[in-house]
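Please read the following briefing alongside the sequence and the coordinates. The points are grouped by topic, with the criteria given where each term comes up.

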Amino acid sequence: MTSAMEELCESLFLDQVPESWTARAYASAYGLTAWYADLLLRMKELETWVGDFQVPPSVWLAGFFNPQSFLTAIMQSTARKSEMPLDQMCLQCDVTKKTKEDFTSAPREGAYVHGLFLEGASWDVENSILIDSRLKELHPQIPVIFIKDVNVPVEMVLDELGVRN
C-alpha cells in the first residue's frame, strides 16, 4: 500500500476529508459525512443551472464558493441595462414570506436567494421583523430574500466618501 492510499484510509476511518480531495474542492470545516452531503447539494444546484442555462427561480446563495461575485453580477446586469455606473449601485434586500418551493420563475431584475440562517435571533414571518431567539432553535432559516439593486444618487456617494461637506 502506498503512503497516499494509507493517508486516504486513515482519513476515511476518522471521518475527515482527505487532503487529496480538499486540494481539488472548496474549503470546509465539515467532517467527511457532512462534507459529502454538502457536495451533493452543491452539485444538484449546479445541475439545475446547467440543465436549462437559466438562473433558477431561487438561488442557494450559501452554496456558492464566492457569493459576493453573484451579488456583484446582480448589480452589473442592472447597471448595464440602465446604463448607470456600477459604483452608483447598491443592493436592497427584502425578506419575503415564502419558501423556495413557492417560486416558479426568477424575477426580471435581481434574484431570489435562499439557504441563509440566523444565529442569536429568529425571523417573525408574519410581522417581517427580527425577534429574540426561540427556545431550542439554534439556527433558524430565513425565508427567501429578494435581492435587487437600486441606484444611489451621486450626492449620497459623495457624502459617504466625505468628499462633500
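**Briefing: salt bridges, surface patches and backbone**

The side chains of Arg134 and Glu137 meet in a salt bridge, with a nitrogen-to-oxygen distance of 3.5 Å; the term stands for a side-chain nitrogen of Lys or Arg within 4 Å of a carboxyl oxygen of Asp or Glu. This is a predicted model, in which local features need pLDDT of at least 70 and side-chain atom pairs count only at pLDDT 80 or more, while totals for chains, interfaces and linings use all residues. Residues are numbered from 1 along each chain as its sequence is written, and side-chain values use heavy atoms, with hydrogens and water left out.

**Overall architecture**

- The secondary structure of the protein comes to five helices and six strands, where helices (H or I, at least four residues) and strands (E, at least two) are DSSP runs numbered from the N terminus.
- Read from the N terminus on, the elements run α-α-α-β-α-β-β-β-β-β-α.
- The protein is more spread out than a compact globule, because its radius of gyration of 21 Å is well over the 15 Å that the globule rule gives for 165 residues; the radius is taken over C-alpha atoms, and the rule is 2.2 Å times the number of residues to the power 0.38.
- Taken along the principal axes, the C-alpha atoms fill a box of roughly 70 × 40 × 40 Å.
- Of the 165 residues, 27% count as buried, a class that means under 20% relative accessible area, with exposed meaning over 50% and partly exposed in between (1.4 Å probe, protein chains only).

**Salt bridges**

- Side chains of opposite charge can pair when their charged atoms come close.
- The structure holds two salt bridges, and one of them joins Asp38 to Arg42, whose closest N and O atoms are 2.8 Å apart.
- Asp38 and Arg42 both lie in helix 3, four residues apart, which is about one turn of the helix, and both residues are buried.
- In the bridge between Arg134 and Glu137, Arg134 counts as partly exposed because its relative accessibility is 39%, and Glu137 is likewise partly exposed, with a relative accessible area of 30%.
- Glu137 is found in the loop between strand 5 and strand 6, and its C-alpha atom is separated by 25 Å from that of Arg42, a residue 95 positions away along the chain.

**Surface patches**

- Glu6, Glu7, Glu10 and Glu19 form a negative surface patch; patches are made of residues with over 30% relative accessible area and no salt bridge, like charges being joined within 9 Å and nonpolar side chains (Val, Leu, Ile, Met, Phe, Trp, Tyr) within 5 Å.
- For charge, Lys and Arg count as positive and Asp and Glu as negative, while His and the chain ends are not counted; the place of a charge is taken as NZ of Lys, CZ of Arg, CG of Asp or CD of Glu.
- Helix 1 (residues 3-13) gives the most to the negative patch, with three residues, and Glu6 has its place in this helix, where Glu6 counts as partly exposed at 49% relative accessibility.
- Tyr36, Leu40 and Met43 form a nonpolar patch on the surface, with about 290 Å² of accessible area together; accessible areas come from the Shrake-Rupley method with a 1.4 Å probe, and for residues only the protein chains shown count as cover.
- Leu40 is found in helix 3 (residues 32-52) and is partly exposed, since its relative accessible area is 40%.

**Backbone in the loops**

- Most residues other than glycine have a negative phi, and most peptide bonds are trans.
- Glu83 has a phi near 55°, a positive value in a residue other than glycine; Glu83 has its place in the loop between helix 4 and strand 2 and is exposed, with a relative accessible area of 72%.
- Lys136 has a phi near 65°, also a positive value in a residue other than glycine; Lys136 is found in the loop between strand 5 (129-131) and strand 6 (145-151), and at 87% relative accessibility Lys136 counts as exposed.
- Pro85 lies in the loop between helix 4 (67-82) and strand 2 (89-95), and it counts as partly exposed because its relative accessibility is 37%.
- The C-alpha atoms of Pro85 and Met75, ten residues apart along the chain, are separated by 9.8 Å.
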